[in-house]
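Please read the following report beside the sequence and the three-dimensional structure.

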Amino acid sequence: MSGSDQGRGSDVLDAQERARFEQLVLPHLDAAFNLARWLLRSRADSEDVAQEAMLRAFRFFRGFHGGDARAWLLQIVRNTCYTWLEKNRPVELMTEFDEEMHPQPSVSPEALAIAGDNRDRLTRALESLPPRFREVLVLRELEGCSYKEIAAITAIPIGTVMSALARGRQRLQRALTHSSPQEASREL
Amino acid sequence: MSCDYTRTVLHGYLDGELDATRAGEFERHLEACRECANTLGAEESLRSSLQRSGLYEHAPVSLRKRIRADLDAATAPALALRIPVWRWFAVAAAILLVASISWYAWPRLQNSAASAPVTAAEIIDAHVRSLQPGHLMDVASTDQHTVKPWFNGKLAFIPPVKDFADEGFSLIGGRLDVLNGQNVAALVYARRKHIVNVFVWSTKEPDTPIHPPGSRQGYQWVHWRHQGMEFCAVSDVSAADLHELAQLLYE
């Protein structure tokens, strides 16, 4: 029953799929690049990896039957990033995923505001976090993803997203307020 | 020093992910707990720093170009020459598998030799896509005399634009959409709080009556052809409601 249709030639179907891909997936290229940039901490490498991820997404696109295209794409981007890191910078992935929540004196909003006003410091503090914390923070704060989307993208249970964010934020505060401005300027 | 709420619930509250009951509970707790109040202040300040600082990095234009070139290469038939044969077989097998699964999984709406058939899956995708914020309408108007001229020159046919507010289907606007690679008109109706998309495109096939409604994933659609135009109405309203609108449009 389907013989004639399947034999129609894959290029026709490809053109249709491509139009659909361009409409649904391509608009999320910024999101893809931003996630890759923060996971890899390098713009140049992120261009390569985002490009590769987009092409993979296109190849897998027939398996995508509607739903959240951004989350679907970001899942592929994330996997591509981790594969790239394993191959090129395996040491980075060895930083252990710290399950402990260390009690710490709360930082005053004022101190944090001052530290957070410096874009370079903020960038360095975010980059100093282990990738698993960095990605939940980027997805939540920069990409505006819901917990459900973060769970789908990062393959962690939805119940764990909230505590991962809590730990990530605590670490970010620590990283921000513990590197003194002097240190920061020396590193520049 | 270490309030349990600070560690978890506070973050759900900050992110707007708590249900009303738990959010209310936390707000009452917040009045009494200094630690949580301080932490919440710090977290809010951190969030506004993150969002104000312009840390979001947009994709460079060069990357966009490279991806377009990739897609061109992946779409061109000449691809076969540059890929090792075994990989090509793997790709072909995967494509065939998915194609045959989708063939069996999705019922065909029509079978036209001239243009590729539109599947129910595409119609429903297009409907769902239209419900995402900012996607529903290009021209928002309850006035058919505003919506109809808006389509002029944008399509090779003129879709019938009629308001049926008296019958319970208010025309709320229209937009251009793409189904199966061809431009279609989408008329948007509101039925109580539900949205109905009516997709219209041109066809050379003969007229048909309104087909019995189809249903998938909680969405209903009805389909018919009339005077050189093909119609598909899709919504989450009942099949009976949808059929009623189809009849109004058919007349």
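## Basis of the report

This is a predicted model, in which local features need pLDDT of at least 70 and side-chain atom pairs count only at pLDDT 80 or more, while totals for chains, interfaces and linings use all residues. Residues are numbered from 1 along each chain as its sequence is written, and chains are lettered from A and ligands numbered from 1 in the order in which they are written.

## Helix packing in chain A

Helices (H or I, at least four residues) and strands (E, at least two) are DSSP runs, numbered from the N terminus. Helix α4 (residues 43–60) of chain A and helix α5 (residues 69–88) of chain A have axes that come within 9 Å and cross at roughly 130°. Here axes are lines fitted to C-alpha atoms, for helices over the stretch in contact, and angles run from 0 to 180 degrees between N-to-C directions. α4(A) and α5(A) are therefore oblique to each other; angles under 35 degrees count as roughly parallel, over 145 as roughly antiparallel, 65 to 115 as roughly perpendicular and the rest as oblique. The crossing of α4(A) with α5(A) is right-handed, a term used if the near helix is turned clockwise from the far one by less than a right angle. Residues that make this contact include A:Val49, A:Ala53 and A:Phe60 of α4(A), and A:Leu73, A:Ile76 and A:Trp84 of α5(A). Two residues are in contact if their C-beta atoms, placed from the backbone, lie within 7 Å. By class, ten nonpolar, one polar and two charged residues take part in the contact of α4(A) with α5(A). In this scheme Ala, Val, Leu, Ile, Met, Phe, Trp, Tyr, Cys and Pro count as nonpolar, Asp, Glu, Lys and Arg as charged, and the others, Gly among them, as polar.

α5(A) also packs with helix α10 (residues 147–154) of chain A, at an angle of about 40° and with the axes 8 Å apart. This pair is therefore oblique as well, and the crossing of α5(A) and α10(A) is right-handed. On the side of α5(A) stand A:Ala71, A:Leu74, A:Gln75 and A:Arg78, which meet A:Glu149, A:Ala152, A:Ile153 and A:Thr154 in α10(A). A further pair, α9(A) and α11(A), has axes that come within 9 Å and cross at roughly 100°. That makes α9(A) roughly perpendicular to α11(A). In their contact, A:Phe133, A:Val136, A:Leu137 and A:Arg140 of α9(A) meet residues of α11(A), among them A:Val161, A:Ala164 and A:Leu165. The classes in the contact of α9(A) with α11(A) are seven nonpolar, one polar and three charged residues.

## The contact between the chains

How many residues does the contact take from chain A and from chain B? It takes 49 residues from chain A and 50 residues from chain B. The elements that give two or more residues to the side of chain A include α2 (10–24), α3 (29–40) and α4. The largest share of that side, nine residues, comes from α2(A). By class, the side of chain A that touches chain B divides into 22 nonpolar, 15 polar and twelve charged residues.

## Chain B and its sheet

Chain B contains ten helices and seven strands. Of its 251 residues, 27% are buried, which requires 20 or more other C-beta atoms within 10 Å of the residue's own, whereas 12 or fewer make it exposed and values in between partly exposed.

Seven strands of chain B form an open sheet in the order β1-β2-β3-β4-β7-β6-β5, with antiparallel pairing. Two strands pair if DSSP finds at least two bridges between them. The edge strands, β1 (139–140) and β5 (214–216) of chain B, each pair on one side only. Strands β3 (residues 182–191) and β4 (residues 194–202) of chain B run antiparallel and are joined by seven bridges. B:Val188 stands opposite B:Asn197 in β4(B), and B:Asn197 has B:Val234 as its bridge partner in β7(B). β3(B) and β4(B) form a hairpin with two residues between them, and B:Arg192 in the turn has a positive phi of about 50°.
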